[in-house]
Amino acid sequence: MANLVIDNVKKRYGNTEILKGINISIKTGEFLILVGPSGCGKSTLMNSIAGLEDVTEGRILIADKDVTYTSPKDRDIAMVFQSYALYPNMTVEQNISFGLEMRKVPKAERDVEVQRVAELLQISHLLDRKPAQLSGGQRQRVAMGRALARRPQLYLFDEPLSNLDAKLRVEMRTEIKKLHKKLGTTIVYVTHDQIEAMTLADRIAVMKDGQVQQLGTPQEIYDNPANLFVAGFMGSPAMNFIPAKVIEQNGTPMLELATSTTVALPFPKPESLKDHVGKTILLGLRPEMITEPQPHKEGQPFVTTTDVEVEVTEPMGADTMILTRVNNAEINCRSNPMYPAAAGSIIKMMFDTSKAVVFDKESGKRLDA
Amino acid sequence: MSNNAIGRKTSGVDKALRVALYTVLLVAAAFYLIPFIVMLITSLKDVEEIRTGNLLSLPAALNFDSWAKAWSSACTGSSCGGISPYFMNSFQIVLPAVAISTLVGAINGYVISLWKFRGSDLFFAAMLVGCFIPFQVILLPMAQTLGWLGIANTASGLVFVHVVYGVAFTTLFFRNFYQSIPSELVKAARLDGAGFFTIFYRIILPVSTPIIVVTVIWQFTQIWNDFLFGVAFSGFDTQPVTVALNNLVNTSFGGKEYNVDMAAAIIAALPTLAVYVFAGKYFVRGLTAGAVKG
């Protein structure tokens with residue numbers, strides 16, 4: 001196990017800059033997730049850590065050793081690929097032991113290691129099969145087994161679950177998390193699935209356009225997004241962005257909200273809105289902060305109840321998503337399924353702004369950070 | 001399947017069309033078979049029978065004398081040892097040329113598809129041009145090159161020519177096949193600690209059987225059937241069988257021995273025929289494998 005330091009890494013192809021100075025450092029045993037839309041550079045960064053691609057500038061350190069110019073095989077890392085990349089001509093056993101064989105581990109030790117990994121991943125009964133005879137989930141396990149067998153310092157996972165069906169994906173996600181808890185390995189994991197990122201990571205690096213937008217724990221990123229992009233990318237359904245005018249009431253900046261009536265929403269950090277009075281900003285409010293009126297919240301400082309018109313409802317079982325419109329923006333609210341909300345009717349909803357965030361409308365910068 | 005058969009009614013028109021289709025196919029098949037049948041029949045007749053009978057009349061008795069003569073005692077130019085020595089010459093040229101060009105093509109394809117380097121696409125495009133160069137164009141420069149290399153008029157010289165000319169095709173075949181192999185396979189092997197040749201030998205070659213079969217058949221047929229390079233670059237005792245066949249047919253003392261000519265021609269064609277019969281189904285399968293997978 002080892003720590004990983006990515007120090008101002010840049011990558012250029014001709015004139016296009018794919019990575020624009022990445023700085024990330026993770027501790028031994030930490031689970032880092034790189035998340036972002038396609039083309040954000042996360043896979044390039046992953047390949048650079050693996051040594052499969054050269055970096056143009058900057059340094060990469062594994063276990064405090066500079067490996068920027070070290071060849072992949074000498075970096076002591078293992079990688080699980082999206083397509084699994086199992087060797088089609090070899091059995092599961094040969095697939096798992098290939099890396100050990102290449103490192104000249106004696107046959108007897110290899111067998112012991114294969115057994116250990118197979119038991120850990122519950123694939124002992126598959127050892128004689130070829131990859132073509134395995135299901136998607138089994139291939140996924142073998143791919144992980146191949147990575148685990150070498151006991152490398154650092155594990156890289158490149159979208160390992162994206163080829164699995166939804167149910168299996170959730171199962172394997174839990175499995176990976178358990179495995180990480182059990183083995184305490186250092187992992188860098190690339191995904192574009194923000195739920196995977198939230199559930200697995202110790203820390204998440206949200207990337208866009210070759211830059212890290214925010215690096216933090218899942219909860220930090222969820223509650224305290226650095227900018228509009230991070231706020232919109234993390235969370236499902238996504239955060240609501242409501243254009244709202246900043247008005248002043250009794251010397252305190254408030255946010256104007258127009259539905260069938262107009263109300264002023266209080267904001268936890270009014271001082272950050274001082275300079276924006278009279279301007280329109282974007283109010284970010286997660287769907288679960290807009291609910292049916294809840295008696296126990298009544299009277300709390302940042303809670304406002306107002307009328308909204310229901311456009312569509314989407315029952316999800318545990319909750320019902322209510323789609324409505326405020327300040328001419330479509331917003332999602334999460335309500336109790338028992339709460340009567342017929343499409344077209346006007347109902348009371350409770351806006352809890354205690355965790356609200358505000359962004360500049362043009363630049364997308366966080367205003368209250 | 002049987003359910004379908006019961007459920008479907010065949011109308012009279014369908015039947016008529018089917019009969020017409022088979023008729024056309026049979027006629028086409030016969031059309032292509034007739035030359036070979038004529039060759040076979042003629043080779044089994046004696047000279048007298050050929051002169052008196054017609055082209056398609058069957059031989060009175062099976063007579064393999066002309067085959068024996070073609071193999072071991074017919075005259076090709078000034079020597080009269082049949083075509084057997086040249087048959088062996090052909091093998092001496094074809095086997096190494098096929099092996100080397102296939103191997104080089106495999107490595108080229110492996111590099112171009114899975115170890116892309118700056119300009120590898122350009123390199124491949126340049127290589128492709130080689131597929132479109134007519135044989136005749138390279139005759140003189142090649143003769144000069146062979147002279148410089150000191151392998152003019154030798155079997156090695158012909159092997160060299162065929163390898164150089166064949167590599168463009170074999171590279172194309174292997175490159176297209178390897179395009180369908182995910183590059184992650186190579187990445188995984190690199191992280192596992194395998195090097196360039198280990199990956200090629202342990203991971204890539206074992207999955208290449210279909211394309212190896214295609215390439216071997218293609219190269220074997222091309223090189224075995226080659227006449228132009230054979231006649232231009234071979235020495236007196238390194239002539240391939242195609243050249244010998246030409247000499248045999250053009251050498252006549254007295255009457256023309258059509259039966260011997262035909263027997264020699266069939267013998268010369270046998271190896272490619274055998275290769276196709278034994279590996280033909282892999283050939284078709286291999287050619288289409290990549291196309292379907294896309």
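A nonpolar core is taken here as a set of buried Ala, Val, Leu, Ile, Met, Phe, Trp, Tyr and Cys residues joined through C-beta atoms within 7 Å. A residue is buried if 20 or more other C-beta atoms lie within 10 Å of its own, exposed if 12 or fewer, and partly exposed in between, with C-beta atoms placed from the backbone. The structure is a predicted model, in which local features need pLDDT of at least 70 and side-chain atom pairs count only at pLDDT 80 or more, while totals for chains, interfaces and linings use all residues. Residues are numbered from 1 along each chain as its sequence is written, and chains are lettered from A and ligands numbered from 1 in the order in which they are written.

The largest nonpolar core contains 150 residues. Those with the most contacts inside this core are Leu32(A), Leu34(A), Met79(A), Leu156(A) and Val188(A). Helix α8 of chain B (residues 155-179) gives the most to the core, with 13 residues; helices (H or I, at least four residues) and strands (E, at least two) are DSSP runs, numbered from the N terminus. A second, separate core of 15 residues includes Tyr86(B), Val243(B), Met262(B) and Ala265(B). Two residues are in contact if their C-beta atoms, placed from the backbone, lie within 7 Å. On this criterion, and leaving aside neighbours within four places in sequence, Met79(A) is in contact with Ala50(A), Ala147(A), Leu156(A) and Asp158(A), and also with Ala188(B) and Leu191(B).

Helix α8 of chain B also holds Val161(B). Val161(B) counts as buried because 27 C-beta neighbours fall inside 10 Å. Beyond four places in sequence, Val161(B) is in contact with Met142(B), Phe229(B) and Phe233(B). Of these, Phe229(B) is 68 residues from Val161(B) in sequence, with a C-alpha to C-alpha separation of 7.7 Å.

The interface between the chains involves 13 residues of chain B in contact with 17 residues of chain A. On the side of chain B that touches chain A, helix α9 of chain B (residues 183-192) gives the most, with 7 residues. By class, this side of chain B has 8 nonpolar, 1 polar and 4 charged residues, where Ala, Val, Leu, Ile, Met, Phe, Trp, Tyr, Cys and Pro count as nonpolar, Asp, Glu, Lys and Arg as charged, and the others, Gly among them, as polar.

Domain bounds come from an automatic or database domain assignment. Chain A is divided into domain 1 (2-233) and domain 2 (240-359). The centres of these two domains of chain A, taken over C-alpha atoms, are separated by 40 Å. Contacts between them involve 5 residues of domain 1 of chain A and 5 residues of domain 2 of chain A. The domain 1 side of this contact in chain A has 3 nonpolar, 1 polar and 1 charged residues. UniProt, in an unreviewed entry, places the feature "domain: ABC transporter" at residues 4-234 of chain A. UniProt positions are given in the numbering used here, feature names are shortened, and annotations may be inferred rather than shown by experiment. The span 4-234 of chain A is 37% helix and 26% strand, and its end C-alpha atoms lie 24 Å apart.

In chain A, strand β11 (residues 240-249) and strand β12 (residues 252-258) run antiparallel and are joined by 4 bridges; two strands pair if DSSP finds at least two bridges between them. Glu248(A) stands opposite Pro253(A) in β12(A). The two strands form a hairpin with 2 residues between them, and Asn250(A) in the turn has a positive phi of about 55 degrees. β12(A) also pairs with strand β13 of chain A (residues 262-265), in the antiparallel sense and over 4 bridges. Here Leu255(A) has Leu265(A) in β13(A) as its bridge partner, and the hairpin from β12(A) to β13(A) passes through 3 residues.

Chain B is divided into domain 1 (4-63) and domain 2 (84-291), with centres 34 Å apart over C-alpha atoms. In chain B, 8 residues of domain 1 are in contact with 8 residues of domain 2. On the domain 1 side, α2 (12-44) and α3 (47-52) of chain B each supply at least two residues, and α2(B) has the largest share, 4 residues. The classes on that side are 4 nonpolar, 2 polar and 2 charged residues. The unreviewed UniProt entry annotates "transmembrane region" at several spans of chain B, including residues 93-115 and 155-178. Residues 93-115 of chain B are 96% helix and 0% strand, with end C-alpha atoms 32 Å apart. Residues 155-178 of chain B are 100% helix and 0% strand, and their end C-alpha atoms are 32 Å apart.
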